Amino acid sequence: MVAIKSIKEIKNFASFENFDASISPYKNFQKYNIFYGLNGSGKTTLSRLLSFLNVGKIPDDEESKEQYQDFNQLKFKIELDNDDIVTVFDNNQLINKIRVFNSDFVSRNVKLEKATTKSLIYNISEKSDKLKTKRKYYEKNISYWHNKDNQLIIDKNIEEKDKILQNKYQDLAREIKYLLNLSNSFNKNSVKDLFNQLTQCKELSDEEFQKFVAISKQDEKYLLDINFDNLSVNSLKKDEFDELKKILLTKKTRNTGEKETVINWISDGLKIHQNDHTKCKFCSQEIHHDFWKTRLSEIEQILKKDIEFETFEQNIRQIINRLDNKIRFIDTFDVNITSNQFLIQYQKQAELILCKIKELKSQSRQSLEIIKSLFEKKLFQLDEAIVLEDSVFDLSYFSECKKLNLLIQSNNIECNELSKIKEDAKNKIISSILFPHMGEVARIKSYLAKANTTKVMIADRISNYQIKLATIIKELNNQKVAINEIENICEQIFGYKKFSFTFDENLKSYKITRTGKTSARNISEGEQTVIAFAYFIACLKEGNFNREEGIVVIDDPVSSLDQQYLFNIYVVLMREVLKENLCSQAFILTHNFYFFRKVRNCLKNISKLKDETKKQTYENTYVSVYSIEKTNGKSVIKDASKYLLNYETEYLHLIRKLNKDLVEADNEFSDVGVGNAIRQVLEIFLSFKCPDKNNLFTRFQNVTPKPDKKFKYLYDLVNSMSHTDEIDTEVVNGAYKRIAGKSDIQELFDFIKEIDAEHYEKIKKIV
């Protein structure tokens, strides 16, 4: 069990600008400690320091950042009852051992969430508020991934993209199946598999595309069989043509030297007279037998051929025979096939070749005939040179036949592999159809792959959020446990059942209904304070706080409350906090003198019971009374004056404070606390002088002797409160804060002296 022994030092903390207990000493804290201080004196600042000690830091959440942004330079020194000195919030011995009720607690723990015609929905407890903030965060993050139909957006996107992809597969499958007459087994899954295998594809022209379509659809073809073996033998080659040209140009004469024309003439004449040579067939002269015999011998010598001549002549005859054979081959060689017998991919080419062969056949034969005729002529003119023109040479027929032969060979090779060729053509067609869509399909597949990976991540994140959300909702459901306790404490303070509390399961908040009312009105500031205080008391009994070993700090639980509720809240405080052994240490801070007096007197009696000497003093180790005062804008903690310890009204205490400020303060100071003190003294003084008037303004206007306008500060003060009805002179309304200084204090004393000089003299003697 650890308690606070004293606050040695506070610096750079709001109005506690430079508080040092060694300069402004006060006695050490006891079990119960009560502080009296005017509004603005520093009570809430002190309670905040103790609240920061409890959480181990200056709150840095979004709600607190702006409020506490000037506290970074805060320095403090707190002595504990074990003589340890605490100078930092982090890891201090008081973490989670202090519970603080102050205006921060009220604003953080009672928040209106929703107003209806019959009830108000309030969030009660800062923890609940933070849980709801977290719940909204997780719900928002979960809903972020879902659409209005509560479907995962990424699922919807995946579904839509996959539908686009499947439709594309289906459309392409339908197009390919129709084009290639494929079976029903070819479907969108087949296209999907083909896309997985597809890499690159040559773009086909329309002609190529149609060609491959025809190949893929063609029926089985038979092998073509044409013997082209004799074609090469019977064709006239260029070197052979050139040799023939040379032979035709060669001149061969007989040994006799006679011209072949003469020889041919003699030979022809001899043939005419061969059977009847008695008479010349040309001139009709008779020929003598001996003369014919002599002449025949001479003619035979003339016609006689030498071996070389005869060989040359024989060669000519052989050439003519060869040429004749070639002509005969052309006449008999027949290409008896049609283009339709070829595979489709060769049909067009075959048709062209066959047409050319048909056209060139006669041309080639004519060429050979010309050459043959020249050699036949040469046979009778061996001694003459005959020119064979190059233009006569023509191999086009044989060339086309060779082309046809090669085409047939290619056709026959592919006929043997037709199924493979048809499959290859089909694949080329399919690839050419699919390839233009490859980019889009790849993009969709890439998106789907990434989306499915992202979906797993999102699912994990949502699952994590849902687990955390379930935990938060469970904690929020547990908040309703304090309903009865809060309702009972509120009833005790208000004196009747003013509110009914129910827990809204959907909102995880408190529904507050005014008892006996058909509709709910706005809850006032004072009522919110009571509800927050009731919740605070209920929380002291929760399992996460050891009340018997903890420190309870309560700052102004009566702020904005009517006089009739002050006693009731005092009773609750005494029963739930100040009762013996309910807490290790308590700090009560207030600006309300009535409430202060009630608590002070109660603690005084407790002190008497604990003091064996039975002296009615506070000189013991059980109860201490202090004041928090501000001078020149700086707050200090002091031991309570004799007025705070003994008097039943704050009037003299305030007079003493103002007089002290008048005497001791710097010449040029101004303070809200001084303004509040002046107002309170003026209220109390005038309430006795004019008890028949109901507010400060009317009392000031009707007091006698009537003050003139020289009291300007007091006149402005009462004028600003001209529409406010007072409930009790001892209740301070914090809404009218006015800064005042030494001249304003003096104005108050001058006013009292002018209105009641005798009273003024008496209080001067006491002060």
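Colleague: Which residues of helix 12 meet helix 13, and which ones do they meet there?

Modeller: Keep in mind that this is a predicted model. On the helix 12 side you have Phe-312, Glu-313, Ile-316, Arg-317, Ile-319, Ile-320, Leu-323, Asp-324, Lys-326, Ile-327, Ile-330 and Asp-331. Facing them in helix 13 are Lys-361, Ser-364, Arg-365, Leu-368, Glu-369, Ile-371, Lys-372, Phe-375, Glu-376, Lys-378 and Leu-379.

Colleague: How does that contact of helix 12 with helix 13 split by class?

Modeller: Eleven residues are nonpolar, eleven are charged and one is polar.

Colleague: And at what angle do the axes of helix 12 and helix 13 cross?

Modeller: Roughly 165 degrees, and the axes come within 9 Å. Angles over 145 degrees count as roughly antiparallel, so that is what helix 12 and helix 13 are to each other. The crossing of helix 12 past helix 13 is left-handed.

Colleague: OK, zooming out. How many helices and strands does the protein chain have?

Modeller: There are 27 helices and 16 strands in the protein chain. Of its 767 residues, 47% are buried. Taking contacts with a separation of 6 or more, 76% are between residues 24 or more positions apart.

Colleague: What order do the strands have in the open sheet of six?

Modeller: The order is 6-11-12-3-13-14, and the pairing is mixed. Strand 6 (98-101) and strand 14 (634-639) are the edges, each pairing on one side only. On average, neighbouring strands in this sheet are turned by 15 degrees against each other, direction ignored.

Colleague: Start at the strand 6 end. In which sense does strand 6 pair with strand 11?

Modeller: Parallel, over four bridges, with strand 11 covering residues 551-555. One partner pair there is Val-100 with Val-553 in strand 11.

Colleague: What about strand 13 and strand 14, parallel or antiparallel?

Modeller: Antiparallel, over six bridges. Within strand 14, Lys-638 stands opposite Ser-627. The two strands form a hairpin with two residues between them, and Asn-632 in that turn has a positive phi of about 55 degrees.

Colleague: Which helices lie across strand 13?

Modeller: Helix 1 (residues 43-55) does, and it also lies across strands 3, 6, 11, 12 and 14, running at about 150 degrees to strand 6. Helix 22 (residues 651-664) lies across strand 3, strand 13 and strand 14, at about 45 degrees to strand 13.

Colleague: Switching to the start of the chain. What does strand 1 pair with?

Modeller: Strand 1 (residues 4-13) pairs antiparallel with strand 4 (residues 75-80) over six bridges, and Ile-4 has Leu-80 as its bridge partner there. Strand 1 is also joined to strand 2 (residues 16-20) by four bridges, again in the antiparallel sense. Lys-11 stands opposite Asn-18 in strand 2.

Colleague: Which residue takes a positive phi in the hairpin of strand 1 and strand 2?

Modeller: Ala-14, near 55 degrees, in a hairpin with two residues between the strands.

Colleague: Back to helices. At what angle do helix 7 and helix 15 pack?

Modeller: About 140 degrees, with the axes of helix 7 (residues 206-217) and helix 15 (residues 418-434) 8 Å apart. Helix 7 and helix 15 are therefore oblique to each other. Helix 7 passes helix 15 in a left-handed crossing. Among the residues making the contact are Phe-209, Phe-212 and Val-213 of helix 7 and Ile-421, Ala-425 and Ile-429 of helix 15. By class, the contact divides into eight nonpolar, two polar and three charged residues.

Colleague: Last one: how far apart are the axes of helix 26 and helix 27?

Modeller: They are 5 Å apart, and helix 26 (residues 742-755) packs on helix 27 (residues 757-766) at an angle of about 130 degrees. Phe-749, Ile-752, Lys-753 and Ile-755 of helix 26 meet Ala-757, His-759 and Tyr-760 of helix 27. That contact has five nonpolar residues, one polar and one charged.

Notes. Residues numbered from 1 in each chain as written. Predicted model: local features only at pLDDT ≥ 70, side-chain atom pairs only at ≥ 80, totals over all residues. Heavy atoms only, no water. Pairing = 2+ DSSP bridges. Axes fitted to C-alpha atoms, helices over the stretch in contact; angles between N-to-C directions. Contact = heavy atoms within 4.5 Å. Parallel < 35°, antiparallel > 145°, perpendicular 65-115°, else oblique. Left-handed = near helix turned anticlockwise from the far one by under 90°. Nonpolar A, V, L, I, M, F, W, Y, C, P; charged D, E, K, R; others polar. Buried < 20%, exposed > 50% of the residue type's maximum accessible area, 1.4 Å probe, protein only.
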